[in-house]
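Student: I would like to learn how to read a few features of a protein model. Could we take them one at a time?

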Amino acid sequence: MIGRLWRGEIDLYKAFWLYGVLGLVLLGLVSGFMVDRLARSGATPAVVFFSFVVVAFSLGYLVLVAVGIWRSAPNHDSPRAWSHAARAVVVLVVLSEVVAMLLAAYSLTEESSDPGTNSCNIEATLRQAPDYPMVGFYRGDCADNFGLAIAPAENGLYSVTFCGPGGCFKPGSYRANTRLTGDPAYRVIDGDVIEVRGRDGFSRYRRCPVARQRVCLLAETPVQ
């Protein structure tokens, strides 16, 4: 079937609507979801490599479909205008898809972590203000050495950043800036408790008193 599509031996309507429109839409949804999940994991070498594998596969399928539709275009009994229209769509889709995938791949190569901050020192930078009452470091359990740093952003928004002992994401790179209240991805339970929606539903986080986690204290203990 792949060989027939490549050689233009499949009816134009099937090549265009089945392999072109439907196939590219499904591929775009799947690859877009995968790239988004990868981007949230940070730009590690393994993540960047796998993201380029996804992009390469998507480009390969795009080339296969584009060539198949192009070659099938003159081989049908409909008016010639349909052949020209199909080829015009191929050109537009190829250009737009190439640009979109290159931009997505490039975004994964950008540094998304902030090595200067981590869960051991982030609390020292978070200060509540009248206009930003939800600022603080929130944990699922106050004994955890990781959690969400909620800090002021522009235009009355908050940045929500994941922090662990190894570092924090840069503001805006982990989750989009938000007002928290009124955002369906968040539930503000009270002044110190919020719920955050993830892939498995909502998870509860609490703003705990300033505490030095055991892992931070161990890291500061000089070796005898």
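Student: In which strand is Glu-195 found?

Tutor: Strands are DSSP runs of E with at least two residues, numbered from the N terminus, and Glu-195 is found in strand S7, residues 193-198. This is a predicted model, in which local features need pLDDT of at least 70 and side-chain atom pairs count only at pLDDT 80 or more, while totals for chains, interfaces and linings use all residues. Residues are numbered from 1 along each chain as its sequence is written, and side-chain values use heavy atoms, with hydrogens and water left out.

Student: Is Glu-195 buried or exposed?

Tutor: Buried means under 20% relative accessible area, exposed over 50% and partly exposed in between, with a 1.4 Å probe and protein chains only; Glu-195 counts as buried because its relative accessibility is 11%.

Student: Which side chain does the side chain of Glu-195 join in a polar contact?

Tutor: A polar contact is a pair of N or O atoms within 3.5 Å; within protein, one must be able to donate a hydrogen and the other to accept it, and residues adjacent in sequence count only if both atoms are side-chain atoms. Here the side chains of Glu-195 and Arg-204 are joined by such a contact of 2.8 Å.

Student: Where does the charged end of Arg-187 sit?

Tutor: A charge sits over a ring if NZ of Lys or CZ of Arg is within 6 Å of the ring centre and within 35 degrees of the ring normal. The charged end of Arg-187 sits over the ring of Phe-202, 3.7 Å from its centre.

Student: What are the relative accessibilities of Phe-16 and Trp-17?

Tutor: Phe-16 is buried, with a relative accessible area of 16%, whereas Trp-17 counts as exposed at 56% relative accessibility.

Conventions:
Helices (H or I, at least four residues) and strands (E, at least two) are DSSP runs, numbered from the N terminus.
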